[in-house]
Amino acid sequence: MTTKRTRGERAGLTREIVLDAALGLIDREGRAALTMRRLGAELGVEAMTLYHHVPNKDALLDGLVERVFAEALPLPAAGDSDSDSDDGEATDWRAFLRAYAGSLRTALLRHPGVLPLVTGRPAVTPATLDAVERGLRTLTSAGFALGPAVDTLNALSLFVVGHTAAEADAHPARTAPSDAAPGTTAWLAELDCERYPLVVEAAGTGAGTDDAERFGFAVDAMLTGFGAAAGLA
């Protein structure tokens with residue numbers, strides 16, 4: 001006996017296809033363009049067909065957060081299965097979180113239209129919660145108590161989202177801001193060098209102006225602090 005397919009399945013759709021199409025629409029035209037009717041047109045189906053895969057608009061938005069975090073989830077760190085080695089575990093949690101932070105930043109810069117969703121919607125889908133569970137398991141296996149493990153994962157995630165949001169605001173559509181704009185390196189370099197000698201020097205030499213370098217420096221500092229607080233330094 002064959003199982004009767006739903007209308008969405010007959011249209012060749014899956015939840016993943018719907019979510020990826022919604023993500024692509026936001027990437028091209030912004031979040032305001034995302035409606036069920038517009039998404040249906042994008043996929044060549046009636047809007048009602050989409051509800052076979054996402055029950056409502058909130059479920060669609062939660063799914064977009066899920067897709068971004070799915071892009072960010074790194075491959076298992078080498079040694080994850082070796083729980084008998086303390087040194088291996090200590091290396092693993094740092095490598096895991098460093099890879100997670102870098103991958104999440106990359107995913108959010110690739111999909112800046114999803115940033116407001118990531119900041120305002122909790123992890124509620126099974127796939128997103130699976131990622132959270134995996135992160136907590138990595139930390140607790142390395143010696144973190146559960147509370148500090150939750151704090152560590154939340155603090156790092158909030159930092160990544162905040163830093164990436166600032167990058168996206170400073171470089172909309174990844175285009176360079178006008179040299180004359182207040183706050184730019186060129187603008188800072190023209191300040192009164194007697195009053196702001198270090199600011200002017202930093203702007204002139206480019207010290208501390210690279211987003212990726214700043215991000216990496218901050219992540220490493222946070223990991224050092226997390227390890228020290230957990231007694232794993």
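Me: Leaving out residues up to four places away in sequence, which residues does Arg-31 touch?

Reply: Bear in mind that this is a predicted model. With those sequence neighbours set aside, Arg-31 touches Ile-26, Leu-61, Gly-113, Pro-116 and Leu-117. Arg-31 itself sits in the loop between H2 and H3.

Me: Why is Arg-31 called partly exposed?

Reply: Its relative accessible area is 39%. Buried needs a value under 20% and exposed one over 50%. Arg-31, at 39%, falls in between, so partly exposed is the label.

Me: Which residues is Leu-34 in contact with, leaving aside neighbours within four places in sequence?

Reply: Ala-22, Leu-25, Ile-26, Leu-39, Lys-57, Leu-60, Leu-61 and Leu-64. Take Lys-57 from that list: it is 23 residues from Leu-34 along the chain, and their C-alpha atoms are separated by 9.7 Å.

Me: Where does Leu-34 stand in the largest nonpolar core?

Reply: That core has 49 residues, and Leu-34, Leu-60 and Leu-156 are the ones with the most contacts inside it. Helices H2 (15-29), H3 (36-43), H5, H6, H7, H8, H9 and H12 (211-229) each supply at least two residues of this core.

Me: What is Leu-156 in contact with, beyond its neighbours within four places in sequence?

Reply: Leu-97, Tyr-100, Ala-101, Val-219, Met-222 and Phe-226.

Me: Why does Thr-152 count as buried?

Reply: Thr-152 is in helix H9, and its relative accessibility is 4%. The limit for buried is under 20%, so Thr-152 qualifies. Not counting residues up to four places away in sequence, Thr-152 touches Leu-97, Leu-139, Phe-144 and Phe-226.

Me: How do you know that Phe-215 is buried?

Reply: By the number again: its relative accessible area is 6%. With the cut-off at under 20%, Phe-215 is therefore buried. Its place is in helix H12. Residues up to four places away aside, Phe-215 touches Ala-101, Gly-102, Arg-105, Phe-159, Val-160 and His-163. Phe-159 is 56 residues from Phe-215 in sequence, with 9.3 Å between the C-alpha atoms.

Me: How many helices and strands does the protein have?

Reply: Twelve helices and zero strands. Across the protein, 36% of the 233 residues count as buried. Residues 24 or more positions apart account for 69% of the contacts with a separation of 6 or more. The accessible surface comes to about 13,100 Å², and 56% of that belongs to carbon and sulfur atoms.

Me: What about the largest pocket: how much space lies in it, and which residues lie nearest its centre?

Reply: About 470 Å³ of space lies there. The lining has 22 residues, and Phe-69, Tyr-100, Val-132, Asn-154 and Ser-157 lie nearest the centre.

Me: Which helix gives the largest share of that pocket's lining?

Reply: H9, with six residues. Helices H5 (57-72), H6 (86-110), H7 (115-120), H8 (126-142) and H9 (146-170) each supply at least two residues of the lining.

Me: How many residues of each class are in that lining?

Reply: There are 15 nonpolar, six polar and one charged. Among the residues nearest the centre are Phe-69 and Val-132, and Phe and Val both count as nonpolar.

Conventions:
Residues are numbered from 1 along each chain as its sequence is written. This is a predicted model: local features need pLDDT of at least 70, side-chain atom pairs count only at pLDDT 80 or more; totals for chains, interfaces and linings use all residues. Side-chain values use heavy atoms; hydrogens and water are left out. On a 1 Å grid over the protein atoms alone, a cavity is a set of points where a 1.4 Å probe fits but cannot get out, and a pocket is an open set with protein on both sides within 12 Å along at least five of seven lines; lining residues have an atom within 4 Å of a point. Grid points are joined across faces, edges and corners, and a volume is the space filled by probe spheres set on the points. Helices (H or I, at least four residues) and strands (E, at least two) are DSSP runs, numbered from the N terminus. A nonpolar core is a set of buried Ala, Val, Leu, Ile, Met, Phe, Trp, Tyr and Cys residues joined through side-chain atoms within 4.5 Å. Buried means under 20% relative accessible area, exposed over 50%, partly exposed in between (1.4 Å probe, protein chains only). Contact means heavy atoms within 4.5 Å. Accessible areas come from the Shrake-Rupley method with a 1.4 Å probe; for residues, only the protein chains shown count as cover.
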